[in-house]
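Trainee: Please take a close look at the side-chain contacts in this model and walk me through them.

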Amino acid sequence: MQGLDWLSNEAFERGAKVVWVYPPVEKIATTYEPINDQHVPYYSDLNWHFRWLDDIYTAHGVSDEWDGAYELANQLRRTYKANWAIEIAVAMDQNDANHRFSDNYFAYSSMYEDNSPGRSPIVVTTYNNDGWGPSLMDYVVSHEASHVFGASDEYRDEDHPAPDCNHVTDCGPHSSYLQTDNGNCEFCNPNSASC
């Protein structure tokens with residue numbers, strides 16, 4: 001909640017009104033240990049693999065895979081009379097030394113996944129956030145939730161090549177719903193703000 005409230009405050013300082021509604025938090029058991037999986041969902045062999053997220057969708061009475069992700073988002077949107085909804089899944093990772101999924105990711109929103117049906121309502125993080133710990137989860141959640149609404153990553157490393165500043169999913173003004181540049185993209189903004 002702190003990470004999303006921070007985003008609301010940042011929006012307010014820029015003349016926009018963003019209000020979050022928080023449904024009750026639910027603990028949902030899964031048939032598959034999330035921390036042993038890749039950061040999910042992932043596309044392989046011409047199929048999507050949601051595994052433990054599908055258990056969450058089943059618990060909510062919606063379909064599996066992408067259909068379930070959007071059905072749950074729309075169900076929440078209707079219930080709380082909201083413009084949009086995001087789903088934040090926190091995977092417990094106390095039995096994993098590096099607090100990451102099997103492919104070394106610890107948090108993500110799947111907007112950058114190839115073959116996905118557009119922007120995703122899903123945010124996933126491990127509880128200990130790659131060792132950042134739960135006390136800094138607000139940073140991780142605000143960062144990942146921003147991807148849901150079109151913000152790109154602002155940094156470059158081996159997993160994040162330099163963005164195309166004019167490309168729709170990178171830093172340019174067409175990458176977000178607000179049609180504005182990503183102010184902390186260090187490649188597309190010479191006076192970038194810190195992350």
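**Side-chain contacts**

Mentor: Arg-14 and Glu-10 form a salt bridge, with 2.9 Å between the closest N and O atoms; the term means a side-chain nitrogen of Lys or Arg within 4 Å of a carboxyl oxygen of Asp or Glu. This is a predicted model, in which local features need pLDDT of at least 70 and side-chain atom pairs count only at pLDDT 80 or more, while totals for chains, interfaces and linings use all residues. Residues are numbered from 1 along each chain as its sequence is written, and side-chain values use heavy atoms, with hydrogens and water left out.

Arg-14 counts as exposed because its relative accessibility is 62% (buried is under 20% relative accessible area, exposed over 50%, partly exposed in between, with a 1.4 Å probe and protein chains only).

Three salt bridges are found in a search of the whole structure. Another of them joins Arg-51 to Asp-37, where the closest N and O atoms are 3.9 Å apart. Arg-51 sits in the loop between β2 (47–49) and α2 (52–59), and Asp-37 in the loop between α1 (2–13) and β1 (42–44), so this pair ties together parts 14 residues apart in sequence. Helices (H or I, at least four residues) and strands (E, at least two) are DSSP runs, numbered from the N terminus.

Next come the rings. There are five aromatic pairs, counted when ring centres of Phe, Tyr and Trp (its six-membered ring) lie within 6.5 Å; planes under 30 degrees apart are stacked, over 60 edge-to-face, the rest tilted. Phe-50 and Trp-66 pair edge-to-face, at 5.4 Å centre to centre and 85° between the planes. Phe-50 lies in the loop between β2 and α2 and Trp-66 in helix α3 (residues 65–79), so the pair ties together parts 16 residues apart in sequence. Both Phe-50 and Trp-66 are buried. Trp-66 also pairs with Tyr-70: the centres are 5.9 Å apart and the planes at 35°, so this pair is tilted. Trp-66 and Tyr-70 are four residues apart in helix α3, about one helical turn. Ring pairs link Phe-50, Tyr-57, Trp-66 and Tyr-70 into a cluster.
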